[in-house]
Amino acid sequence: MPTRVLTGITTTGTPHLGNYVGAIRPCVIASRRTDVESFFFLADYHALIKCDDPARIERSRLELAATWLAAGLDPARVTLYRQSDIPEIPELTWLLTCVTAKGQMNRAHAYKAAADANLAAGEDVDAGITMGLFSYPILMAADILMFNAHQIPVGRDQIQHIEMARDVAQRFNHLYGQGTDFFVLPEAVVEAEMALLPGLDGRKMSKSYDNTIPLFEGGAKALKDAIARIVTDSKLPGEPKDPEGSALVTLHDAFGTPEQNTAFRDALRQGLGWGEAKQRLFELINGELAPMRARYEALINQPAELEAILMAGAAKARAEAAPLLQRLREAVGL
Ligand code: ADP
Ligand code: NA
């Protein structure tokens, strides 16, 4: 039986180059393995926890769907769906909520961080904290258990939430299973510490720092303009430059072959000007992205086609979710 791997992407922003190198490209490659069955979903119920701007969520959902498809995700071999198209997920969330210990949710990292920050600021412990933030590990458990996913690729901060999903699955199996297990116990797969892509200012590229290079939005011109704004030292053309610690070099490493990356370092040591270096970097990155960007633009301008792909993905996902939920309803007495 293939290993089921499930990945959710929160629909709150526009994908940037860091997302592509750190998440999108490796996931697309992994999805082509024949021993893996991949589930990808646009986590728009999760988006509601941090974003109350409907236009932003809708736009982000469209951009993310187009991005994943343009980057090579094949909807025929993976299950790609919008979370909010699967009504079984919120229903399962409620069944799980009823068997989840509140004390365990009190200890969930995301909630605890917000509560601790409130206490440190001398505020009420729960000031500004919604029930969505408090109980989102249960929604996350439902996302995972609904499809009996075996492996969940996560960052370290999410390991605890996968453990919570295992606990709640075990409790449900124990209470209602009568010898049969409804749920597979999921495992967290912690992503190898991969090099973080730096942003325009040299810090980690992140939408929180407003230092991102857009992946497809704005076309080749936006890519070129962003690369032109990457901070460098003030050495002139002809002066030898230290490649180590340069954001340009780290970005180059993420796209070039080992030979190309060595040549780029050598050229900088020999005095390549920053302007010329940026031009080379642009050409390298654009060479990989240009064919994808063309697909992205075609998709984003055909929302009806995207919608059809997502609806087909939802039908595929619900063919799994609906029969399981029916069994769960019967098990609890509904
Ligand atoms: P952001 O920091 O812009 O809010 P997210 O937290 O939404 O990005 O990250 C989504 C995915 O992209 C995660 O899997 C994360 O590991 C990856 N990612 C984000 N920023 C980078 C980066 N600078 N370098 C490598 N991977 C990144
Ligand atoms: Na596969």
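Visitor: Which polar backbone atom is 2.9 Å from a nitrogen atom of ligand 1?

Guide: A polar contact is read from the distance between two N or O atoms, with a cut-off of 3.5 Å. The model here is predicted. In it, a nitrogen atom of ligand 1 and a polar backbone atom of Leu197 are 2.9 Å apart.

Visitor: What lies 2.8 Å from an oxygen atom of ligand 1?

Guide: An N or O atom in the side chain of Ser206 lies 2.8 Å from an oxygen atom of the ligand.

Visitor: How many residues surround ligand 1, and which are the closest?

Guide: The shell holds twelve residues, the closest being His16, Leu197, Met205, Ser206 and Lys207. By class, the shell is made up of five nonpolar, five polar and two charged residues.

Visitor: What are the protein donors of the sodium ion (ligand 2)?

Guide: A metal site is read from its donor atoms, and for Na the cut-off is 3.2 Å. Ser31 (O), Arg33 (O) and Val36 (O) are the protein donors of the sodium ion, at 2.6 to 2.9 Å. Their spacing in sequence is S-x1-R-x2-V.

Visitor: Is Ser31 buried or exposed?

Guide: Buried means under 20% relative accessible area. Ser31 has 5%, so it is buried. Arg33, at 45% relative accessibility, counts as partly exposed.

Visitor: How many helices and strands does the protein chain have?

Guide: The protein chain has 13 helices and five strands. Its radius of gyration is 22 Å, close to the 20 Å that the globule rule gives for 334 residues, so the chain is as compact as a globular protein of that length. The C-alpha trace spans about 75 × 50 × 35 Å along its principal axes. Of the 334 residues, 46% are buried.

Visitor: Where does Gly202 lie?

Guide: A loop residue is placed by the elements on either side. Gly202 is in the loop between strand E5 (187-190) and helix H9 (219-228). Its relative accessibility is 47%, so Gly202 counts as partly exposed.

Visitor: How many residues apart in sequence are Gly202 and Leu6, and what is the C-alpha to C-alpha distance?

Guide: Separation can be given along the chain and through space. Gly202 and Leu6 are 196 residues apart in sequence, and their C-alpha atoms are 32 Å apart in space.

How values were computed: Residues are numbered from 1 along each chain as its sequence is written. Chains are lettered from A and ligands numbered from 1 in the order in which they are written. This is a predicted model: local features need pLDDT of at least 70, side-chain atom pairs count only at pLDDT 80 or more; totals for chains, interfaces and linings use all residues. Side-chain values use heavy atoms; hydrogens and water are left out. A residue is near a molecule or strand if one of its heavy atoms lies within 4 Å of it. A polar contact is a pair of N or O atoms within 3.5 Å; within protein, one must be able to donate a hydrogen and the other to accept it, and residues adjacent in sequence count only if both atoms are side-chain atoms. Ala, Val, Leu, Ile, Met, Phe, Trp, Tyr, Cys and Pro count as nonpolar, Asp, Glu, Lys and Arg as charged, and the others, Gly among them, as polar. Donors are N, O and S atoms within 2.8 Å of the metal (3.2 Å for Na, K and Ca); water is not among the atoms, so sites may look incomplete. Buried means under 20% relative accessible area, exposed over 50%, partly exposed in between (1.4 Å probe, protein chains only). Helices (H or I, at least four residues) and strands (E, at least two) are DSSP runs, numbered from the N terminus. The radius of gyration is taken over C-alpha atoms; the globule rule is 2.2 Å times the number of residues to the power 0.38.
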